[in-house]
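Dear colleague,

Please find below the structure that I am handing over to you. My notes on its aromatic pairs and helix packing follow.

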Amino acid sequence: MLNAIIPLLLDSLASAALIFFAAVGLTLVFSVLRVLNVAHGSLYSIGGYVAASVCLFIASRQMNPYLSFVALLFSAVFVAAIFGPLVERSLIRWTYGRSEAVQILITFGLFLMLEDLQRMIFGVQSYYEDAPMRLLGTTNLSGVVYLNYQIVLIVMAIAVVVGLRFLIRHTRIGRLMTAVVADREMAQAVGIDTNRIFMLAFSLGVFLAALGGALATPTSGIAPGLGADTMVLAFAVAAIGGLGQIEGAAVASLIVGLARVLAIYVAPELDAVAPYAAMLVVLLIRPYGLFGSASVRRV
């Protein structure tokens, strides 16, 4: 029984970690900017494509394979540095204060453009490079073989949760974000550059999405359509945890990860619907999510 439970838990945690990177970026952007970014999944897949391309370049030139770990982080930083300020300043900034329907339509248009951009640059073939996963090797515990890369993913997800909470509660940037979220007009009145805060928050969200895509490359590869799948899954996680709730995204990722792995172990044909079945159950009980709260809206 123990030999069956431990792999189940480890696989669930590793799956939850990858889901969390995408969902927490979406959650962070919504909590600060109040924008539902439908294009978030495309930024995830772009991070994966860039990471796979750099790792394949390193392998083709027979460079030090351990540079592939640097490539994973570099890819996320590169995507955030390019797309974060560019997208926020040119498009997202015009959605502030508008209705959710307008935000969804505009960011959906961005999603379509980013998907076409990926096809133009990377083509329609799949990319896969598992060098980081192979280099870390495996661990044998009680006759069960575990990928050390999975353990690294879990540790990194925990580090992101702790890091985000520290950023928000104990740094100047975090306090400025909190002030802007609480009252944007008052923050502007006391001299806070809200446009700069919004750009930083959006770029951080892009970084987290791209990092998730980069870290997913060694385990499952990157293929066309991944952005759409990730987008829907990230919205499901955000809905379960409560829109704008970072802790909620972490707990919801665990629920979705466990649901997916349980489906694979017990009923593989239900793998695709398990996360959304979990979302349905949670929303029937708490329509505003596990960590969300009912709010009054002016009409």
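A search of the whole structure finds 8 aromatic pairs, where rings of Phe, Tyr and Trp (its six-membered ring) pair if their centres lie within 6.5 Å. This is a predicted model, in which local features need pLDDT of at least 70 and side-chain atom pairs count only at pLDDT 80 or more, while totals for chains, interfaces and linings use all residues. Residues are numbered from 1 along each chain as its sequence is written, and side-chain values use heavy atoms, with hydrogens and water left out.

One of the aromatic pairs joins Y49 and Y127, whose ring centres are 5.4 Å apart with 85 degrees between the planes; this is edge-to-face (planes over 60 degrees apart; under 30 would be stacked and the rest tilted). Y49 belongs to helix α2 (residues 40–60) and Y127 to the loop between α4 (100–122) and α5 (131–136), so the pair ties together parts that are 78 residues apart in sequence. Helices here are DSSP runs (H or I, at least four residues), numbered from the N terminus. Y49 is buried at 2% relative accessible area, and Y127 also counts as buried, at 14% (buried means under 20% with a 1.4 Å probe, protein chains only). Together with F122, Y49 and Y127 form one aromatic cluster.

Helix α2 also takes part in a packing with helix α10 (residues 226–241), at an angle of about 130 degrees and with the axes 7 Å apart. Axes are lines fitted to C-alpha atoms over the stretch in contact, and angles run from 0 to 180 degrees between N-to-C directions. That angle makes α2 oblique to α10 (oblique covers what is left after under 35 degrees for roughly parallel, over 145 for roughly antiparallel and 65 to 115 for roughly perpendicular). G41, S42, Y44 and S45 of α2 meet L226, G227, T230 and M231 of α10, contact being heavy atoms within 4.5 Å.

A further packing involves helix α7 (residues 172–182) and helix α9 (residues 194–220), whose axes come within 10 Å and cross at roughly 110 degrees. This makes α7 roughly perpendicular to α9. On the α7 side the contact is made by I173, L176, M177 and V180, and on the α9 side by T194, R196, I197, F198, L200 and A201.

Yours sincerely

How values were computed
Helix = DSSP H or I, 4+ residues; strand = E, 2+ residues; numbered from the N terminus. Buried < 20%, exposed > 50% of the residue type's maximum accessible area, 1.4 Å probe, protein only.
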